[in-house]
Amino acid sequence: DTLVNQIAAGEVVERPASVVKELVENALDAGARRVDIDLEEGGVRLIRIRDDGAGIAPDELPLAVSRHATSKIASLDDLEAVATLGFRGEALPSIASVSRFVLSSRRDGDVHGTSLQVDGGKLGEAAPTPHQRGTTVVVRDLFYNVPARRKFLRAERTELGHIEEWLRSLALARPDVELRVSHNGKPSRRYKGDGQPGLPGVSSGDRLGETLGEEFARHALRVEHEGAGLRLHGWIAQPVYSRASADQQYLYVNGRSIRDRSVAHAVKQAYADVLFHGRQPAYVLFLELDPTRVDVNVHPAKHEVRFRDARLVHDFVYRTLHDALAETRA
Ligand code: ADP
Ligand code: MG
């Protein structure tokens with residue numbers, strides 16, 4: 001079974017950033033308001049994710065690290081609802097099969113916490129441990145038992161960069177959650193959590209400034225438009241924002257960060273047509289539409305989607321940004 005898990009890990013766990021992604025998404029699924037992310041050596045040596053969510057029952061800890069044991073699918077309807085959230089019940093067993101892994105948790109009302117160790121997939125005994133309400137996952141020495149995979153890990157800076165980039169894109173979509181990051185024992189990022197979901201920058205915490213910098217926040221044009229069952233809101237940087245910005249293009253479809261060439265093209269085209277500017281615009285845009293109008297299962301890692309009416313979406317995005325930008329010229 002360890003072998004099966006290690007093979008699955010080949011798909012789920014590419015590098016430290018994919019571990020962080022799976023664990024932080026679990027924390028959010030558990031209703032966490034705050035997530036602490038401690039890293040050492042770009043996450044290769046240590047990833048520790050602590051949340052203040054609902055926790056896991058002591059007798060369910062072994063289940064959580066077993067294959068296809070998800071607590072998140074109660075019915076077929078549910079299966080569709082969670083299909084957007086990634087692999088079902090594979091993340092923890094996969095990660096635990098390629099690391100030295102400890103899962104600790106405590107729910108409201110439990111007299112103490114419980115922790116379970118898994119070493120390269122070998123399950124230990126659950127044992128009582130002091131723990132606050134919530135869950136802590138410790139992942140040490142990623143791929144220590146799979147040298148062929150370990151070989152492909154990059155320099156500390158590179159792996160850390162991937163983690164920080166993913167956290168930034170998450171922070172933009174979830175300003176309601178506080179995220180604290182430390183690297184090699186030093187605090188490296190703190191996103192305060194006092195915004196509303198899907199509305200970065202609207203709150204006093206100003207998630208937009210926290211994530212992309214004060215200059216972006218100052219020069220960002222707020223966009224919001226609804227029609228034909230589509231809703232687009234967010235920010236696009238005005239041309240005075242001087243930074244080269246192809247790396248500051250964030251698109252979310254129903255709250256999930258994705259890449260889409262057609263939408264990216266619509267934004268760039270609107271920018272060029274109004275401002276006669278060939279530059280890459282920086283933007284953070286949230287597109288919302290009925291889930292049945294978008295297929296999220298195109299790409300295994302869910303970075304891409306397929307719109308049922310791609311043309312309509314493209315034109316809606318183009319028109320919305322064109323009008324918003326044109327108004328600033330008027
Ligand atoms: P999935 O998220 O697809 O259910 P995972 O392997 O990521 O699968 O997690 C397995 C199960 O472990 C989850 O369904 C959940 O019940 C439990 N779990 C994992 N992480 C947490 C957490 N941080 N807080 C509460 N429960 C968790
Ligand atoms: Mg999960």
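This is a predicted model: local features need pLDDT of at least 70, side-chain atom pairs count only at pLDDT 80 or more; totals for chains, interfaces and linings use all residues.
Residues are numbered from 1 along each chain as its sequence is written, and chains are lettered from A and ligands numbered from 1 in the order in which they are written. Local features need pLDDT of at least 70, side-chain atom pairs count only at pLDDT 80 or more, and totals for chains, interfaces and linings use all residues.

**Overview.** The protein has 11 helices and 16 strands. Helices (H or I, at least four residues) and strands (E, at least two) are DSSP runs, numbered from the N terminus. Of its 330 residues, 39% count as buried. Buried means that 20 or more other C-beta atoms, placed from the backbone, lie within 10 Å of the residue's own. Among contacts with a separation of 6 or more, 64% come from residues 24 or more positions apart. A contact requires C-beta atoms, placed from the backbone, within 7 Å.

Five of the six residues of strand 2 (residues 46-51) are buried, so the strand is largely enclosed by the rest of the structure. Strands pair if DSSP finds at least two bridges between them.

| Pair | Sense | Bridges |
|---|---|---|
| Strand 1 (residues 34-40) and strand 2 | antiparallel | six |
| Strand 2 and strand 7 (residues 134-140) | antiparallel | six |
| Strand 10 and strand 11 (residues 230-237) | antiparallel | eight |

Arg 50 in strand 2 stands opposite Asp 36. Arg 50 also stands opposite Thr 136 in strand 7. Strands 1 and 2 form a hairpin with five residues between them. In the turn, Glu 41 has a positive phi of about 50°.

Five strands form an open sheet in the order 10-11-14-12-13, with mixed pairing. Strand 10 (220-227) and strand 13 (256-258) stand at the edges with a single partner each, so one side of each lacks a neighbour in the sheet. Neighbouring strands are turned by 20° against each other on average, direction ignored. Helix 7 (residues 156-173) packs on this sheet, touching strand 12 (249-253), strand 13 and strand 14 (283-289). Its direction makes about 55° with that of strand 12. Axes are lines fitted to C-alpha atoms, for helices over the stretch in contact, and angles run from 0 to 180 degrees between N-to-C directions.

**Helix 2 on helix 7.** Helix 2 (residues 16-29) packs on helix 7 at about 30°, with axes 8 Å apart. The two are therefore roughly parallel, a term for angles under 35 degrees. Residues meeting there include Val 20 and Val 24 in helix 2 and Ile 163 and Trp 166 in helix 7.

Technical notes. A residue is buried if 20 or more other C-beta atoms lie within 10 Å of its own, exposed if 12 or fewer, and partly exposed in between; C-beta atoms are placed from the backbone. Two residues are in contact if their C-beta atoms, placed from the backbone, lie within 7 Å. Angles under 35 degrees count as roughly parallel, over 145 as roughly antiparallel, 65 to 115 as roughly perpendicular and the rest as oblique.
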